[in-house]
Amino acid sequence: MKGVTAVPKFYAATAAEFEEFERELFKREFRRITRAEVIESLGGIVVSYGQSKMFPRRERGFENGYLFSRNGLEVVVWTSWLDGLPGLRNMDQGWVLIRDCKHPECPSYFAVPRHRTKNFLTNLLEDARVAAWRVRHRPKCPACGEFMDITRRHRKDGTVVPRARFWKCSRISLHQDGKPRTERWDCMFTKEQKALVEKRRRTATKQRAKRAAQGKETFVSLKRQQEAARRRRQQRSQPPPEDNSQNV
Ligand SMILES: [Zn+2]
């Protein structure tokens, strides 16, 4: 089975494992997102890349989502677990995002997507806990007392730094000195929590780099990766095609 080991092993969580995961989310005041909410949110809008990450595509059916709302922000957990079907779907991934209640169509932050490997639900739950903690402790501006907003970090040339976020209050008319205020993305964590969050971030970054180095996409379904690996194996075991002109 050479070559297969490079692809993370798909693992279908049992119903009991999933129920436990759900109980843990409910304990932290998450609730299920209803099918009607998903469809209503999708109604009449063109599904952009961000939205298609935020809402599962309709033709694939409804995939369970959980929502936690506090301080004007929402944490959404997508599991791709299908109602009424045993086991998780053997496609896609799960992920956690944070969005502003006023702009649910445009999430402010995505945690690293989690693949359906053995630790899928554990990882997803931990992402949900970290995101909910951020939202519960959404910082307030020291100058005007309003909630600060999740802001993307930009380079000098104006391009976005991937995955880099910070908190910002731009209500400069309310600030005596007329200057915006900023706060670090991880400002709500204790030293110990921060160390854990940073460790998880490093691990995720390393895993993504490893996947990229292996020529794997970092945001595609396991199934597609497995299919691609299978195709590569087939190609290796077949003699090269005689006519390569199309590949030039
Ligand atoms: Zn302010």
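Asp186 and Arg201 form a salt bridge, with their closest N and O atoms 3.1 Å apart; the term is used for a side-chain nitrogen of Lys or Arg within 4 Å of a carboxyl oxygen of Asp or Glu. This pair links distant parts of the chain, since Asp186 sits in the loop between strand E8 (181-184) and H5 while Arg201 belongs to helix H5, 15 residues apart. Asp186 is buried at a relative accessible area of 6%, whereas Arg201 is partly exposed at 36%. Here buried means under 20% relative accessible area, exposed means over 50%, and partly exposed lies in between (1.4 Å probe, protein chains only).

Before going on, please note that this is a predicted model, in which local features need pLDDT of at least 70, side-chain atom pairs count only at pLDDT 80 or more, and totals for chains, interfaces and linings use all residues. Residues are numbered from 1 along each chain as its sequence is written, and side-chain values use heavy atoms, with hydrogens and water left out.

## The chain as a whole

The chain has 6 helices and 8 strands, which are DSSP runs numbered from the N terminus (helices are H or I, at least four residues; strands are E, at least two). Along the sequence they follow the pattern α-β-α-α-β-β-β-β-α-β-β-β-α-α.

Of the 248 residues in the chain, 37% are buried. Among contacts (heavy atoms within 4.5 Å) with a separation of 6 or more, 58% come from residues 24 or more positions apart.

## More salt bridges

The structure holds 15 salt bridges. One of them joins Arg70 and Glu29, whose closest N and O atoms are 2.9 Å apart. Arg70 is in strand E2 and Glu29 in the loop between H1 and strand E1 (31-33), so this pair ties together parts that are 41 residues apart in sequence. Arg70 is partly exposed at 29%, and Glu29 is partly exposed at 46%.

Another salt bridge brings Arg200 and Asp127 together at 2.3 Å, N to O. It links Arg200 in helix H5 (residues 191-213) with Asp127 in helix H4 (residues 120-136), 73 residues apart. Arg200 is partly exposed at 24%, while Asp127 is buried at 9%.

## Rings that pair up

A search of the whole structure finds 6 aromatic pairs. Rings of Phe, Tyr and Trp (its six-membered ring) pair if their centres lie within 6.5 Å; planes under 30 degrees apart are stacked, over 60 edge-to-face, and the rest tilted. Phe18 and Phe21 have ring centres 5.5 Å apart and planes at 45 degrees, so they form a tilted pair. These two Phe residues are 3 residues apart in helix H1 (residues 15-27), a separation of about one helical turn.

Phe21 is buried at 3%. Phe21 also pairs with Tyr66: the centres are 6.3 Å apart and the planes at 85 degrees, so this pair is edge-to-face. Tyr66 lies in strand E2 (residues 63-70), 45 residues from Phe21. Ring pairs link Phe18, Phe21, Phe26 and Tyr66 into a cluster.

## A buried charge without a salt bridge

What is the nearest side chain of opposite charge to Asp100? It is Arg138, 4.4 Å away, and the buried Asp100 has no salt bridge; Lys and Arg count as positive and Asp and Glu as negative, with His and the chain ends not counted. Asp100 is part of strand E4 (residues 95-100), and its side chain reaches the backbone nitrogen of Lys102 at 2.9 Å.

How values were computed:
Polar contact = N/O pair within 3.5 Å; in protein donor to acceptor, adjacent residues only side chain to side chain.
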